[in-house]
Amino acid sequence: MDEQKRVEVAEPRFEHGHFLLIAGLGERYTQETAHNIPALWEKFLPHLGQIPGQKGEVTYGVCCNFDGKGGFDYIAGVEISKLDELPQDTFRWVEVLPRQYAVFEHKGSLDRLPQTFQYIWKTWLPGSGREAADAPEFERYSADFNPTRHTGLLEIWLPLKPQ
């Protein structure tokens, strides 16, 4: 990793997450195409507050359905209470089951988010004695998150195998 692009990431806290039903817009990505994720968020943001069953204003970026070759699905979405009224032709959804997580705070620009993920996967995880679980990992953006003003909180929830 380029020393110029190093990021400071505080030690994570550990939490047992609860069940989440997340719905939003989703697409398939690879490591080479992940830089297109911000465009998915641009398409999703006009839907905020109009998604049937939406709970609160917190938004989530969920990475799931990993293929072991670098491919994954990414859903930019919100928590919903039920699937009954969700237009299946517009929105995708994923269940996030309760489990143990290492929770990291990302500080600063979203442009540096890839470096934070690099640190988590290539530095913290190998040195932690822990293993990532084969489960969705997600970004949690607080209701007051504003990427241009750098306000609000962005957390990365990394699922862990039981010790």
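Q: What does the secondary structure of the chain come to?
A: The model is predicted, and its chain has two helices and eight strands.

Q: In what order do the elements run?
A: Starting at the N terminus, the order is β-β-α-β-β-β-β-α-β-β.

Q: What share of the residues is buried?
A: Buried residues are 43% of the 163 in the chain.

Q: Of the contacts between residues at least 6 apart in sequence, what share join residues at least 24 apart?
A: That share is 73%.

Q: Switching to pockets. What volume does the largest pocket have?
A: About 1,300 Å³.

Q: How many residues line it, and which lie nearest the centre?
A: The lining of the largest pocket has 41 residues. Nearest the centre are I37, Y74, L113, F117 and E139.

Q: Which elements each supply at least two residues of that lining?
A: Two helices do, α1 (37-44) and α2 (113-128). The strands β3 (54-64), β4 (72-80), β7 (137-141) and β8 (154-159) do as well.

Q: Which one gives the largest share?
A: Helix α2, with six residues of the lining.

Q: How do the lining residues divide into nonpolar, polar and charged?
A: There are 24 nonpolar residues, nine polar ones and eight charged ones in the lining of the largest pocket.

Q: Now D73. Where is it found?
A: D73 is in strand β4, an element that also supplies at least two residues of the pocket lining.

Q: Is D73 buried or exposed?
A: D73 is buried.

Q: Why does it count as buried?
A: Because its relative accessible area is 8%, and buried means under 20%.

Q: What joins the side chains of D73 and R28?
A: A polar contact of 3.2 Å. The side chain of D73 also has a polar contact of 2.7 Å with the side chain of N65.

Q: Which residues does D73 touch, leaving out those up to four places away in sequence?
A: D73 touches E27, R28, V62, C63, C64, N65 and R92.

Key:
Residues numbered from 1 in each chain as written. Predicted model: local features only at pLDDT ≥ 70, side-chain atom pairs only at ≥ 80, totals over all residues. Heavy atoms only, no water. 1 Å grid on protein atoms, 1.4 Å probe; cavity = no way out; pocket = protein on both sides within 12 Å on 5 of 7 lines; lining within 4 Å. Points joined across faces, edges and corners; volume = space filled by probe spheres on them. Helix = DSSP H or I, 4+ residues; strand = E, 2+ residues; numbered from the N terminus. Nonpolar A, V, L, I, M, F, W, Y, C, P; charged D, E, K, R; others polar. Buried < 20%, exposed > 50% of the residue type's maximum accessible area, 1.4 Å probe, protein only. Polar contact = N/O pair within 3.5 Å; in protein donor to acceptor, adjacent residues only side chain to side chain. Contact = heavy atoms within 4.5 Å.
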